[in-house]
Amino acid sequence: YTNYLEVYEAIKPVISKYSDDVVNMSAAKTSTNMQIQQLLSKANFESNIINYVASVVTKNMGVKNGKQQIYRTIISKYGQNKGLNIYNHIKKHI
């Protein structure tokens with residue numbers, strides 16, 4: 001194809017739409033990560049727990065059954081009692 005400008009103009013709206021979605025999701029993940037860290041920090045959890053849980057939440061954002069996966073991961077890592085306590089602190093914000 002010799003007229004690349006026509007091709008670019010045709011696909012530019014599609015590329016723009018999806019690139020904005022990626023940027024918006026990235027911003028949402030960063031915001032949620034910071035929010036989870038603040039919540040757990042105020043609840044006096046250890047820093048390794050704060051970082052781990054925030055990363056688990058960020059990783060599972062926007063994923064089908066993400067909340068359930070977050071819950072299962074936290075419970076499997078920290079046990080039923082402690083894991084449930086952690087999850088109860090963050091569940092309204094995920």
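Guide: This is a predicted model. We may begin with Asn 44, which has a relative accessible area of 68%.

Visitor: Why is Asn 44 called exposed?

Guide: A residue counts as exposed over 50% relative accessible area. Asn 44 has 68%, so the term applies. Asn 44 belongs to the loop between α1 (4–42) and α2.

Visitor: What makes the backbone of Asn 44 worth a remark, as regards phi?

Guide: The phi of Asn 44 is near 65 degrees, a positive value in a residue other than glycine. Asn 65 also has a positive phi, of about 60 degrees, although it is not a glycine. Asn 65 is placed in the loop between α2 and α3.

Visitor: Let us turn to the aromatic residues. How many aromatic pairs does a search of the whole structure find?

Guide: The search finds 2 aromatic pairs. One of them joins Tyr 52 and Tyr 78, whose ring centres are 5.9 Å apart and whose planes stand at 75 degrees.

Visitor: How do you know whether Tyr 78 is buried or exposed?

Guide: Buried means under 20% relative accessible area. Tyr 78 has 18% relative accessibility and therefore counts as buried. For Tyr 52 the relative accessible area is 27%; this value lies between the cut-offs of 20% and 50%, so Tyr 52 is partly exposed.

Visitor: What makes Lys 77 a charge over the face of Tyr 52?

Guide: The distance condition is that NZ of Lys be within 6 Å of the ring centre, and the direction must be within 35 degrees of the ring normal. Lys 77 lies over the face of Tyr 52, at 4.9 Å from the ring centre. Tyr 52 is also touched by Thr 73, which contacts Val 56 as well, not counting residues up to four places away in sequence.

Visitor: Why is Thr 73 called buried?

Guide: Its relative accessible area is 16%, which is under the 20% cut-off, so Thr 73 is buried. Thr 73 is in helix α3.

Visitor: Why is the pair of Tyr 71 and Tyr 87 edge-to-face?

Guide: The centres of these two rings are 5.1 Å apart and the planes are at 75 degrees. The distance is within 6.5 Å and the angle is over 60 degrees, so Tyr 71 and Tyr 87 form an edge-to-face pair. Tyr 71 lies in helix α3 and Tyr 87 in helix α4, so the pair ties together parts that are 16 residues apart in sequence. Tyr 71, at 27% relative accessibility, counts as partly exposed, whereas Tyr 87, with a relative accessible area of 13%, is buried.

Visitor: How do helix α3 and helix α4 pack, and which residues make the contact?

Guide: Helix α3 (residues 66–78) and helix α4 (residues 80–90) pack at an angle of about 145 degrees, with axes 7 Å apart. The crossing of α3 past α4 is right-handed. The contact includes Ile 70, Tyr 71, Ile 74 and Tyr 78 of α3, and Leu 84, Ile 86 and Tyr 87 of α4. By class, this contact has 9 nonpolar, 2 polar and 2 charged residues.

Visitor: What makes the contact of α2 with α4, by residue and by class?

Guide: The axes of α2 and α4 come within 12 Å and cross at roughly 60 degrees, and α2 passes α4 in a right-handed crossing. The contact is made by Ile 49, Val 53 and Val 57 of α2 with Lys 82, Ile 86 and Ile 90 of α4. By class it has 5 nonpolar, no polar and 1 charged residues.

Visitor: Why is Lys 82 called partly exposed?

Guide: Lys 82 has a relative accessible area of 37%, which lies between 20% and 50%, so Lys 82 is partly exposed. Lys 59 in helix α2 has 66%, over the 50% cut-off, and is therefore exposed.

Notes. Residues numbered from 1 in each chain as written. Predicted model: local features only at pLDDT ≥ 70, side-chain atom pairs only at ≥ 80, totals over all residues. Heavy atoms only, no water. Axes fitted to C-alpha atoms, helices over the stretch in contact; angles between N-to-C directions. Helix = DSSP H or I, 4+ residues; strand = E, 2+ residues; numbered from the N terminus. Left-handed = near helix turned anticlockwise from the far one by under 90°. Contact = heavy atoms within 4.5 Å. Nonpolar A, V, L, I, M, F, W, Y, C, P; charged D, E, K, R; others polar. Phe/Tyr/Trp six-rings, centres within 6.5 Å; stacked < 30°, edge-to-face > 60°. Buried < 20%, exposed > 50% of the residue type's maximum accessible area, 1.4 Å probe, protein only.
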